[in-house]
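Below are some notes for a colleague who is opening this entry for the first time. Please read them with the model on screen.

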Amino acid sequence: MSALRRIKARGVQALLSDSMRDAHRLARRSVRGFGPGRTLRFYFRLDDPYAHLLVLVLPALCKAYGLALEVVVVCTPPPDVLPQAELWTAFALRDARDLATHLGLGFPSGDPIPDAECAVMAASVLLAEPDTATLLALAQALGEAYWAGGRQAFAHAMQERPRLSAEQTQARTEEGYRTLRKRGHYHSGMLEYEGEWYWGLDRLWHLRERLVREGLAADDLLPQWGHVRAEVTGPAGGVLEYYYSFRSPYSYLSVSAVRDLVERTGVELRIRPVMPMVMRGLPVPFIKQLYIARDCKREAQRLGVPFGHIADPVGVGVERCMAIFDIAQAKGRALDFLESAGRGVWAEGHDVATDAGLRVVSERAGIDWDEVSEALNGEGDWRAMAEENR
């Protein structure tokens, strides 16, 4: 590993440390004071399905923990953090509807209104509403009409409401997004509490745990907002296709859950390794990398999985792991290799771009080094595999 990459890895490790997190929280509380007055900031965009889910639960959450709420209406994120917006939105809508069903919340069925101007019109009304409770109720009504494809209901909710001009709306939503970016994130559907970020319903558990630790104990009014995990116990049948990136810490954290699912259900597992976004020419700015690392650190702590001593495998390291994946697959050790490589990269600081680092993670997964050397020196067809999986 180069000196520059070692310095970067140590810097990230320090940023992810519990001591740095605790010092940051203490500094925030010292500025605010230790009494009441805690504010939760919500970054909203009408055409973000995850933001709509949060609208449904925020009134109860704030009431349960005595939080003040500030709503910041933002514009669509730029391509540097949302490079394939149409794909993302289509997936996010399916995912949000699944989450809503799983958690007993209502999410409209139907096809969304195919009109990008609806989000702008909604923002013009929401930005003109000074009362937060009214704003949330209006956001819910507009969102339900939008996601159900109800043009008439959408128009009715907008009727006779004060609104800002198009120019004012654009300026305010762009200002809101600049605030979001300046404060440390890049996407809507976000909750910010004293410098820490919680994306959507499936991160509310971390916020609740923090609030309880800070003495804001509330009755357990929100039991359904715990860990989102479907319990599958019977035979599943079919094929589970598992898309894994050697540069994704989320991939690393998911291996044990995938192994557990396969063992409990007998489902056929088909692993599909993919190239990281940045190696496919898609941007991943540092602000996005840092949030992902911090989010994965707290998820790793929840799961009891080691994390934090990182050796970024981007480039040669990823290519070498992809090149020997077929060996692991043929030996029936594919999941073992994914788990070993992930732990080496994200928890132990092994540089898989080097023979020393790759040897550790390969042999731990039951793959002989002679076989690895042969795969690295051969042509292989892993690039075609990666392209097909993409």
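In which sense do S1 and strand S3 (residues 190–193) pair, and over how many bridges? The first point answers this, and the others move on to the rest of the chain.

1. S1 and S3 pair in the antiparallel sense, and four bridges join them. Within this pairing, leucine 40 has tyrosine 193 of S3 as its bridge partner. Please keep in mind that the model is predicted.

2. S1 also pairs with strand S2 (residues 68–73), here in the parallel sense and over six bridges. Threonine 39 has its bridge partner in S2, namely alanine 68. S1, helix H3 (residues 49–65) and S2 together form a β-α-β unit, and this unit is right-handed.

3. The strands belong to an open sheet of four, in the order S2-S1-S3-S4, and the pairing in the sheet is mixed.

4. How much of S1 is buried? The strand covers residues 39–44, and five of these six residues are buried, so S1 is largely enclosed by the rest of the structure.

5. Helix H7 (residues 151–158) has Phe154, Ala157 and Met158 as its buried residues. These residues lie on the same side of H7, because the arc they cover around the axis is only 100 degrees. They pack against two helices, H5 (117–126) and H6 (132–148). On the face turned away from the buried side, H7 carries Gln152 and His156, which are exposed.

6. Glutamate 160 follows H7 and has a positive phi, near 55 degrees. A reader checking the backbone by eye may want to look at glutamate 160.

7. The structure holds 12 aromatic pairs. One of them joins tyrosine 244 and phenylalanine 246: the ring centres are 5.1 Å apart and the planes stand at 70 degrees, so this pair is edge-to-face. The cut-off for that label is an angle over 60 degrees.

8. Are tyrosine 244 and phenylalanine 246 buried or exposed? A residue counts as buried under 20% relative accessible area. Tyrosine 244 has 1% relative accessibility and so counts as buried. Phenylalanine 246 has a relative accessible area of 5% and is buried. Ring pairs link Tyr244 and Phe246 with Tyr242 and Phe337 into a cluster.

9. Some totals place these details in the chain. The chain has 390 residues, of which 47% count as buried. It contains 16 helices and six strands. Among contacts between residues at least 6 apart in sequence, 78% join residues at least 24 apart.

Definitions and conventions
Residues numbered from 1 in each chain as written. Predicted model: local features only at pLDDT ≥ 70, side-chain atom pairs only at ≥ 80, totals over all residues. Heavy atoms only, no water. Buried < 20%, exposed > 50% of the residue type's maximum accessible area, 1.4 Å probe, protein only. Pairing = 2+ DSSP bridges. Right-handed = clockwise from strand over helix to strand, strands pointing away. Arc of directions from axis to C-beta. Contact = heavy atoms within 4.5 Å. Phe/Tyr/Trp six-rings, centres within 6.5 Å; stacked < 30°, edge-to-face > 60°.
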